Amino acid sequence: MREKYLIPAFVLILALVPLLPAVPEFWITLLNYIGLAAIVVLGLVLLTGIGGLVSFGQAAFVGIGAYTTAYLTTAYDVSPWLTLPIGLVLTGLSAWIIGAITLRLSGHFLPLSTLAWGISIYFVFGNINALGRHDGLTGIPVVELFGLELMSGRRYFYLIWFFVLLAVFATKNLLDSRPGRAIRALKGGGVMAESCGVAIERFRILIFVYAAVLAGLSGWLYAHLQRAVNPTPFGIGQGIEYLFMAVIGGAGYVWGALLGAGIFTVVEDVLQDVLPALLGRSGHFEIIVFGVIMVLLLQYARDGLWPLILQAVNHAGARRQVPEAPPLPTRAKPEAEEPVLAVRRARKEFGGLVAVNDVSFEMRAGEILGLIGPNGAGKSTIFNVITGLLQANGGEILFRGERLNGLPPREIARRGIGRTFQHVRLLPTMTVLENVAIGAHLRARSGPVAAMLRLERRQEAQLLAEAAKQLERVGLGAYLNEQAGNLALGQQRILEIARALCIDPVLLLLDEPAAGLRYKEKQALAAVLKQLRDEGVSILLVEHDMDFVMGLTDRLVVLDFGTKLAEGQPREIQTNPAVLEAYLGGVA
Amino acid sequence: MDTTIAAILLQDGITNGAIYALLALALVLVFAVTRVIFVPQGEFVSYGALTVAAMQYGVMPGTIWLLLAAGVLTALVELTRAFRAGELRRAPRILTFYVGYPVALWLLLRSLPLGELPMALQIALMLALIVPLGPMIYRLAFQPLAEASVLVLLIVAIAVHFALQGLGLLFFGPEGSRTAAFTELMFDVGVLSVSGQSLFVVGATVLLIVALYLFFERTLYGKALRATAINRVGARLVGVSIPLSGTLTFTLAALIGALSGALIGPITTVYYDSGFLIGLKGFVAAIIGGLVSYPVAAAGAILVGVMEAFAAFWTSEFKEVIVFTLIIPVLLWRSLTSQHVEEEE
């Protein structure tokens, strides 16, 4: 409730500030610079704090936005309102090209590459004759709006903060949507998201381009505020400072961007006055202080200041009501007895170790097949081969007659194969409902632009309603708004089943679903799985609890050291001498 | 371009490349052992060169104040820890190392006619001053975060670089300095005249690489570091202390950086912020080696040096652009050849 009033109050205060004559010009200037920085940092929040991609090069994108308008308005008299879209497209395009090359890089290579291209672009600005080399360009025109010249800082203030609030609005909306959930899965949930059909790479590029476009916007605003540009503010030092702002404010929080930009800009201004006087010489000594502050912050408050503020005011996350919505369409289930999955001489080797040794088995629609065997028998490896996380070295995987070999996990998910993981993979800080809604990713098409403008609410409601329905079904209906990380481990496994059900699966692969459950919960789970079978879903099950397996499955496949040992009805398997030997070490 | 110019450029390239190679080795070492992408490595280079230059001007190098301050801070941190652990008997040792030593060095520097000392002695004093900064920085900035993710450690490294660069400006001012040459000797090899300075740099690099090789292959500490690099948990289980290997690594990194500074000082004018770019070129080389391979990193460093020399000749303005853009095809190649399914965190 309070949040409802806080934001309009904040906007109102912002709107009033320049009108008060008592507010000194210098404050307005500071606020303008805070706004300019906040726009860039907002992009970094999405990119680094939420998406986990660290960039030190954002200042270069600010530069592209600034130089585009500076050049076009001074050399060709193009209207600033035309250079704005041109500049944004150009920054977006540069980011897309750089991203296409560098975003495939793992963890630490990516930030290092941002240092490299950040420096390169800076030197390019400083050495192109048309861009005035190191002197830059001057005489950039004033922005006019409805015949009004935005000449003074007080007038320009409104333009800057209009864009800041617009960027906040768009970013917040984007995060709370279908593409937003995919973005939030990038950091630490990539494998899981791919298995739910999310095209991870596309979302990495998306946030990279989005952050760059915001930086370009800031650059356009900067150029027309300063009315002159030179390469200095687009160097790697400034790029690093943007990242510091994000970390100070709280890189994972949208409002943290404004906080971080505000604190950094004000402190920097104070230090630039105080330090040279104190040290008796001129120079940008504030970087010493910021360096030390950053080290301390990362040692003692790694998540930045915004979460500390939330904690201090005892802020609880919003409790979301699941909206009413018509159900999502479901796919046609195969006819009873139709062959669904055929594994033919599947083989997987890790170096010299043969984890899966020419294993074959088949499954029909509406069948529960148990895959059992001692630890290290290759059960989870088979799961990973079927779902595309690992590529088989030999053999064939056929799903409803189609070869799955070589397909990426998301394509396999698209065909109707849902799975859970042996080691739970979920996003602990997202709610249970949001986690499960990732499973329904492929059942809607709403994109990022619609999400930013909130044009996809009907579809979003359908996705959330579906997630809630599946959670009710598996018995987690009481926990929709709980953080997923707060659930007991057994419940987290059940959550994964609900997520897999959201795919609307034909085939469900469950890796030890009953581990960590109590007796009653196991019975409830067995009932759900039987009901799914009756609806025509096939279930492949890895499980160590033999009572659970024997009571539930129609057939069993037994593996030992990667090789199929036996296959048959549970009763036959229980008396099979080879199986007994593998499990009990030689009874015969 | 004729062959003489090409040969001169090649010589320049190899000389600079040798220094990048040293830095690349230090970067690979630090990353392998502590997972820190040590961006401030370059600051040791500029500190090293400028400290020698200050001595040659007969001025007390400002870095001594940093050593004193960092020493006192480290002593405070260590004393607090010792107090909490009930090990106050370690206090005299801590104070001797972190406070006594810097003060003694300061008194020594004060009493010496710095400008008139032979260069070898100046370099030795510089090393005595700069190298202890390595372990102190590790203790203050990185050791408390030893278990953090690579990305957090990288941001810390950048923050340390910021602080050190600002301090460099404070100590040495914005003007650049060049130290005296080690030797004025020139050798004529055919059409080409090779400067003794270049030979010195390349020779020192080779010597240092051999020394490092012996250290890692023949000594227990070297083996402990290699063990930590391969498997941190495993190394801990067999009794290698993580703080000790971190301290040792940063000492080596500081030594390599400061020595590189001494080597580069007579070749180029070094400014307080030169270290960053020099260090980054070491990075380009280290990345060519995938941050794991020493020989490939060293070869990459020579490549970077030669590329830079030729780029400077053809289009000097775009020298840096070319060198840093070189990293992109390398990264592309790296990312295409390495498969990674599991993500971090």
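These legends walk through several views of a predicted model with chains A and B.

**View 1. Chain A as a whole.** Let's start with the overall make-up of chain A. You can find 23 helices and 14 strands in chain A. Of the 588 residues in chain A, 52% count as buried. Now take the contacts in chain A with a separation of 6 or more: residues 24 or more positions apart make up 75% of them.

**View 2. Two domains in chain A.** Where does the domain assignment put the domains of chain A? It gives domain 1 as residues 31-312 and domain 2 as residues 339-584. Their centres, taken over C-alpha atoms, are separated by 42 Å. The two domains do touch, with 23 residues of domain 1 and 29 residues of domain 2 taking part in the contact. On the domain 1 side, helices H6 (153-175), H7 (178-185) and H8 (190-195) of chain A each bring at least two residues. H7(A) gives the largest share of that side, with seven residues. Sorted by class, the side of domain 1 that touches domain 2 has twelve nonpolar, seven polar and four charged residues.

**View 3. Two helices crossing in chain A.** Two packed helices are described by the angle between their axes and the distance between the axes. Here the pair is helix H2 (residues 25-50) and helix H10 (residues 236-249) of chain A, whose axes come within 9 Å and cross at roughly 70°. Angles of 65 to 115 degrees count as roughly perpendicular, so H2(A) and H10(A) are roughly perpendicular to each other.

View 4. Zoom in on helix H20 (residues 519-534) of chain A, where Ala527(A) sits.

**View 5. Chain B on its own.** Chain B has 15 helices and two strands. Its C-alpha trace spans about 70 × 60 × 35 Å along the principal axes. For 345 residues, a compact globule would have a radius of gyration near 20 Å, and the 21 Å of chain B agrees with that. Buried residues account for 46% of chain B. Among contacts in chain B between residues at least 6 apart in sequence, 78% link residues at least 24 apart.

**View 6. Where chain B meets chain A.** The contact takes 42 residues from chain B and 42 residues from chain A. On the chain B side, helices H7 (150-172), H12 (274-288), H14 (319-325) and H15 (327-337) each supply at least two residues. Which helix brings the largest share of the side of chain B that touches chain A? That's H7(B), with 16 residues. By class, this side of chain B has 30 nonpolar, five polar and seven charged residues.

How values were computed. Residues are numbered from 1 along each chain as its sequence is written. Chains are lettered from A and ligands numbered from 1 in the order in which they are written. This is a predicted model: local features need pLDDT of at least 70, side-chain atom pairs count only at pLDDT 80 or more; totals for chains, interfaces and linings use all residues. Helices (H or I, at least four residues) and strands (E, at least two) are DSSP runs, numbered from the N terminus. The radius of gyration is taken over C-alpha atoms; the globule rule is 2.2 Å times the number of residues to the power 0.38. A residue is buried if 20 or more other C-beta atoms lie within 10 Å of its own, exposed if 12 or fewer, and partly exposed in between; C-beta atoms are placed from the backbone. Two residues are in contact if their C-beta atoms, placed from the backbone, lie within 7 Å. Axes are lines fitted to C-alpha atoms, for helices over the stretch in contact, and angles run from 0 to 180 degrees between N-to-C directions. Angles under 35 degrees count as roughly parallel, over 145 as roughly antiparallel, 65 to 115 as roughly perpendicular and the rest as oblique. Domain bounds come from an automatic or database domain assignment. Ala, Val, Leu, Ile, Met, Phe, Trp, Tyr, Cys and Pro count as nonpolar, Asp, Glu, Lys and Arg as charged, and the others, Gly among them, as polar.
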